[in-house]
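Let's take a walk through this protein together. Keep the 3D view open beside the text and turn it as you read.

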Amino acid sequence: MDGKISEFAGSALYSLTYKIGYNEEKLRYILSHFREQYYKRKELDKKGKKRIISSPSKNLLKLQRLILAYISKKTLFPETFHGYKKKRSNLTNARCHLNKRVITKLDIKDFFPSVHFKKVLALFGSLGFNEQESKILSRLTTADYCLPHGFSTSPTLAALMLINLDKRLKTLFMKIGLDYTYTFFSDDITISGNKGIKTLKKLICKIFRQEGFIVNESKIKEQNFWEKQEVTGISVNEKLNVPYDYRHNLRAIVHNCITLGPRTQIDRFNSEFCLDRKLDLSLSKFRERIFGKINYIKPINRELYNQLLAYFNKINWRTNNPVSVLV
């Protein structure tokens, strides 16, 4: 796609803007200046791995959200999908694997970049858009000919690519007659049951490859019921809970904020919760972060949430003078 808009028929522009509720002239302008003005690339270091983030402008973000809203109304995701869906979350995903003997976790290598422009084009066609409309939509939702990190449309479009994979896994488990539960949470796939998937691992990885995705085989992790079992950041051994390290570290930071003063805990917070990069936090930002960490616990463990919130409210945030209260 070279930046010219002559390839886009006027009727396609008109029909598409009518469907998604956007101005035709604005859309024409965005298409003409897409690369130069409407998203910027930046490089982030995530756990030692470089990741390119494409940040859309406000106008492109608004347009992408309209596209996302339209295709979301036309799409019915399988019950096994828990990422980027209303009333679904990492908590509903984890609940599916509560009290299982063996849990196996897989993840897809380079998930978004694996979805190339031609796949996106075909996807929009399968959703009922004509060829010209599909070209326009693919142009607006890809960067460097693939789904980029940073576009609001990427997670949903990537998830739609997994629907056929979901069908094939369901057929596989039905054929072998084993009662497995499996779920998708973006590029994280969890399979649980009375036994592991060692005998099926090669076949499952082959199915992923046939669908255009590569499983990180070195990261396949099996957790037995006598071990610590976690799914999408939640403990699932006997009951749903926040992992021990999370609880322990947060409780210690809140305790020290009370007894030593909040400013003394910013470095510890960075050490425990910001593994990818050190955040230069002001006291107000630090307070927001701590409150966010506590609030995350609320739907998982209400008793712990109430306890930590009560102690959080005892922190003296105006000065660095400690308060003589113990957690």
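**A hairpin and its neighbours**

Strand β4 (residues 181–185) pairs with β5 in the antiparallel sense, over five bridges. Strands here are DSSP runs of E with at least two residues, helices are runs of H or I with at least four, and both are numbered from the N terminus. Two strands count as paired if DSSP finds at least two bridges between them. Before going on, please note that this is a predicted model, in which local features need pLDDT of at least 70 and side-chain atom pairs count only at pLDDT 80 or more, while totals for chains, interfaces and linings use all residues. Residues are numbered from 1 along each chain as its sequence is written, and side-chain values use heavy atoms, with hydrogens and water left out.

Phe-185 stands opposite Asp-188 in β5, and two residues lie between the strands. Ser-186 in this hairpin takes a positive phi near 60°.

Now follow β5 itself, which spans residues 188–193. Among the partners, Ile-103 is bridged to Ser-192 in β5. Strand β5 is mostly covered, with five of its six residues buried. Buried means under 20% relative accessible area, exposed means over 50%, and partly exposed is in between (1.4 Å probe, protein chains only).

A cavity is a set of points, on a 1 Å grid over the protein atoms alone, where a 1.4 Å probe fits but cannot get out, and its lining residues have an atom within 4 Å of a point.

Which residues line the second largest cavity? Phe-184, Phe-185 and Ser-186 are among them, together with Phe-81, His-82, Gly-83, Tyr-84, Phe-111, Pro-155, Ala-159 and Leu-162. Both β4 and α8 (154–160) supply at least two residues of this lining. By class, the lining has eight nonpolar, three polar and no charged residues. In this scheme Ala, Val, Leu, Ile, Met, Phe, Trp, Tyr, Cys and Pro are nonpolar, Asp, Glu, Lys and Arg are charged, and the others, Gly among them, are polar.

Lys-87 is exposed, with a relative accessible area of 82%.

Next, find helix α6 (residues 117–126), where Phe-117, Val-120, Leu-123 and Phe-124 are buried. Why do these residues lie on the same side of α6? They do so because they cover an arc of only 120° around the axis, the arc being that of the directions from the helix axis to the C-beta atoms. On the other side of α6, Lys-118, Ala-122 and Ser-126 are exposed. The buried residues of α6 pack against α4 (58–73), α7 (131–141) and α8. Gly-128 follows α6 and has a positive phi, near 105°.

**Two buried residues**

His-149 is found in the loop between α7 and α8 and is buried, with a relative accessible area of 18%. Not counting residues up to four places away in sequence, His-149 touches Arg-51, Ile-52, Ile-53, Ser-54, Phe-112 and Pro-113; contact means heavy atoms within 4.5 Å.

Val-254 is found in helix α11 (residues 244–260). Val-254 is buried, with a relative accessible area of 1%. Leaving aside neighbours within four places in sequence, Val-254 is in contact with Ile-290, Ile-294, Tyr-311, Phe-312 and Ile-315.

**Stepping back**

Finally, zoom out to the chain. There are 14 helices and eight strands, and buried residues make up 47% of the 327 residues. Among contacts between residues at least 6 apart in sequence, 65% join residues at least 24 apart.

Technical notes:
1 Å grid on protein atoms, 1.4 Å probe; cavity = no way out; pocket = protein on both sides within 12 Å on 5 of 7 lines; lining within 4 Å.
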